[in-house]
Amino acid sequence: MTRTRPSTSFFHWLLYNIPPTITEIREGLARAQEEIDGLGTQGENDSGTIGYIGPCPPSGSHRYFARLHALREELGIGPGATGQQVRAAMEGLEIEEAETMGTSSRTRAQTA
């Protein structure tokens, strides 16, 4: 099945080479370090840093997608890869994809 990705996707967090035994990611683990012990390797988010950056819509409501890709093997790339590099490394390795969507919003008063 081919999924249509938003044309303006923004990576808030890029985590790869997650062991298949991981069943949850606890809150607060996305620190600015290249490797998170037992969890995986972090890539560069679209702000140019390693680690998680939370949602910050300019105003109104925005949708945020989280995608998980099951792969046949670990990616042969090191820490700090960009989203484009990760997508290229995943080529031909994907078994399945899961996606969830959440929203975040704020009012004009919150942006001032």
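Analyst: Gladly! Let us begin with a strand pairing: Glu35 has Thr41 in β3 as its bridge partner. Please keep in mind that this model is predicted.

User: What makes β2 and β3 a pair of strands?

Analyst: Pairing needs at least two bridges between the strands. β2 and β3 are joined by two bridges, and they run antiparallel, so they count as paired under that cut-off.

User: Why are β1 and β2 called edge strands?

Analyst: The open sheet has three strands in the order β1-β3-β2, with antiparallel pairing. β1 and β2 (35-36) each pair on one side only, and that is what makes them the edges.

User: What is the pattern of the chain as a whole, read along the sequence?

Analyst: The pattern is β-β-β-β-α-β-α, made up of two helices and five strands. The chain has 112 residues, of which 21% count as buried.

User: Why are Trp13 and Tyr52 called an aromatic pair, and what makes the pair edge-to-face?

Analyst: Two values decide this. The ring centres of Trp13 and Tyr52 are 6.2 Å apart, and the limit for a pair is 6.5 Å, so the two rings qualify. Their planes stand at 80 degrees, and an angle over 60 counts as edge-to-face, so that name applies. A search of the whole structure finds one aromatic pair.

User: Which parts of the chain does the pair tie together?

Analyst: Trp13 sits in the segment before β1 (15-16), while Tyr52 belongs to the loop between β3 (40-42) and β4 (60-71), so the pair ties together parts 39 residues apart in sequence.

User: How do you know whether Trp13 and Tyr52 are buried, exposed or partly exposed?

Analyst: Buried means under 20% relative accessible area and exposed means over 50%. Trp13 has 25% and Tyr52 has 44%. Both values fall in between, so each residue counts as partly exposed.

User: What makes Arg67 and Glu99 a salt bridge?

Analyst: The distance does. A side-chain nitrogen must lie within 4 Å of a carboxyl oxygen, and for Arg67 and Glu99 the N to O distance is 2.7 Å. Arg67 is in strand β4 and Glu99 in strand β5, so this bridge ties together parts 32 residues apart in sequence.

User: How many salt bridges does the structure hold?

Analyst: Two. Arg67 also meets Glu97 in a salt bridge, at 3.7 Å from N to O, which is within the 4 Å limit too.

User: Why is Glu97 called buried, but Arg67 partly exposed?

Analyst: Glu97 has a relative accessibility of 12%, which is under 20%, so Glu97 is buried. Arg67, at 26%, counts as partly exposed, and Glu99, at 36%, gets that label too. Salt bridges with shared partners join Arg67, Glu97 and Glu99 into one network.

User: How do you know that the buried residues of α1 lie on the same side?

Analyst: In helix α1 (residues 83-90), the buried residues are Gly83, Val86 and Met90. Around the axis they cover an arc of only 65 degrees, which puts them on the same side of α1. Gln84 and Ala88, on the other side, are exposed.

User: What do the buried residues of α1 pack against?

Analyst: They pack against β1, β4 and β5 (94-106). Val86 and Met90 also belong to the largest nonpolar core, which has eight residues; the others are Phe11, Leu14, Tyr16, Leu75, Ala81 and Leu93. Among the contacts of Leu14, leaving aside neighbours within four places in sequence, are Thr41, Ala81 and Val86.

User: Where is Gly60, and which residues does it touch?

Analyst: Gly60 is in strand β4. Not counting residues up to four places away in sequence, Gly60 touches Ser104, Ser105 and Arg106. Gly60 and Arg106 are 46 residues apart in sequence, yet their C-alpha atoms are 5.5 Å apart in space. With a relative accessible area of 35%, Gly60 is partly exposed.

Note on methods: Residues are numbered from 1 along each chain as its sequence is written. This is a predicted model: local features need pLDDT of at least 70, side-chain atom pairs count only at pLDDT 80 or more; totals for chains, interfaces and linings use all residues. Side-chain values use heavy atoms; hydrogens and water are left out. Rings of Phe, Tyr and Trp (its six-membered ring) pair if their centres lie within 6.5 Å; planes under 30 degrees apart count as stacked, over 60 as edge-to-face and the rest as tilted. Helices (H or I, at least four residues) and strands (E, at least two) are DSSP runs, numbered from the N terminus. Buried means under 20% relative accessible area, exposed over 50%, partly exposed in between (1.4 Å probe, protein chains only). A nonpolar core is a set of buried Ala, Val, Leu, Ile, Met, Phe, Trp, Tyr and Cys residues joined through side-chain atoms within 4.5 Å. Contact means heavy atoms within 4.5 Å. The arc is that of the directions from the helix axis to the C-beta atoms.
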